[in-house]
Amino acid sequence: MNTPSMLLGSALTYIFFHYMFYRMAGEVLESEKISRVKIILLFLCNYALMTTYSVLQINLIINWALIFAFFLLSLLILFRKDKDIETADITAVALIATIVGLSINIIARCCFVLMMDIPLSSLNNNSLDPDNMKRYPVIAAFFISGLILCAMRRSIWKKRLQFIFREHSNMKVFLLLLFVVMGYHVLVLLLFYTPGNDISLKIWGIVPNAFALISVFAIIKFVERFSELNQYREKNRYEREALLKEMHEEEELEETAEADVMTGCKTRAYMEKALRAAMERQAPFLLCFADMDGLKKVNDTWGHEAGDHCIRAVGKVLMEASRFGTDVVARFGGDEFVVLMFSQEPEAMAKRMEEANQRLRSMQETGELRFPVSISYGIACRQEAQTWEELLEISDERMYRMKKQRGAERKQ
């Protein structure tokens, strides 16, 4: 018969285990502290259920499955309003506590039957059997299990679990491994329904279960390391995206700085840089200096807004006449444009300039350009000068010569 002191000892150790479980759950899930009143109420419910299981002689496997279910359901109810806590996290905490309690219970029972030299079946869940002495190892087991959960609350293991739950990238693997360990322990419970007094089965219930319990902590550390790797990988991905975005923004700023706001052509600074590079490479190229004809008249007659419209039109037709990705068209200032063409045939450059003039005339005929505008130009070859500045002067002189000649022709 069970004495009142044994019942009290069983109740005290079980409430200790309960208290440590709910304290650990609240801390690792980083939620509000669970009140002692709630813990006591939950203990009374669970203890009443466990007593019922014993009286009904429920199989140990079903018994521990119901204990896990009670832990899981109670945590889901306690943290139902906390949107930051996921069901997977709660399930993991309930599994860990159940595995710790079950593993220590199995080891304690096996140690007890080994010392007492009695069969394993004498400690199954048949509480109506007067020879059943399971309360002794059970009291010790729940006390030790409570100490383990207490140690987890006050050690690095709590921080590791908190990190796993915050990072959350490996929760499926974490739960799978915990369920595997839980399944192993459940199968070991079949030992307490085997006949005979085999010492090897008792030892097998102690040593492998001890390693299985240790494996829980190994799993926590393993998943933590993988979570750290995922965090580093995510951090690297974020930094790489930020770097690419920054590089893209810098390229856009550089392109914006190199482009003329009004026409979209390159700027004078960009053209000078391109000319210096071309001279250094000693590559054959042509330089064309182009200037608008009649801009002053447009400005005086129709206003500067009309003049700006003409400048934009000239920039557009020059870029259309150039080879994309090869030639460089730049607005050099005011109504002056410079075209850099990598070719040795001045006739090809002249042809492009005449195509630009023809395009301007077509725009006037269709009404796209309402003002009479054309361009005069001068072309110089790379071999005609030692510096790009000299080459620019040569092309500039030839442009003014054409402009003067066209002016004389218009007067005639």
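User: Which ring face does Arg-160 lie over, and at what distance from the ring centre?

Analyst: In this predicted model, Arg-160 lies over the face of Trp-157, at 4.6 Å from the ring centre. The distance cut-off for a charge over a ring is 6 Å. Another case is Arg-109: its charged end sits over the ring of Phe-192, 5.7 Å from the centre.

User: Why is the pair of Phe-17 and Phe-71 called tilted?

Analyst: The structure holds 20 aromatic pairs. In this one the ring centres are 6.1 Å apart and the planes stand at 50°. Phe-17 lies in helix α1 and Phe-71 in helix α3, 54 residues apart.

User: What makes Phe-71 count as buried?

Analyst: Its relative accessibility is 0%. Buried means under 20%, so Phe-71 counts as buried. Phe-17 is buried too, at 1%.

User: What makes Phe-222 partly exposed?

Analyst: Its relative accessible area is 40%. That falls between the cut-offs of 20% and 50%, so Phe-222 is partly exposed. Phe-226, at 39%, counts as partly exposed. Their rings are tilted at 50°, with centres 4.7 Å apart. Both residues sit in helix α8, separated by about one helical turn because they are 4 residues apart.

User: How do you know that strands β1 and β4 pair?

Analyst: At least two bridges are required. β1 and β4 have 8, in the antiparallel sense. Asp-291 stands opposite Ser-376 in β4.

Note on methods
Residues are numbered from 1 along each chain as its sequence is written. This is a predicted model: local features need pLDDT of at least 70, side-chain atom pairs count only at pLDDT 80 or more; totals for chains, interfaces and linings use all residues. Side-chain values use heavy atoms; hydrogens and water are left out. Helices (H or I, at least four residues) and strands (E, at least two) are DSSP runs, numbered from the N terminus. Rings of Phe, Tyr and Trp (its six-membered ring) pair if their centres lie within 6.5 Å; planes under 30 degrees apart count as stacked, over 60 as edge-to-face and the rest as tilted. Buried means under 20% relative accessible area, exposed over 50%, partly exposed in between (1.4 Å probe, protein chains only). A charge sits over a ring if NZ of Lys or CZ of Arg is within 6 Å of the ring centre and within 35 degrees of the ring normal.
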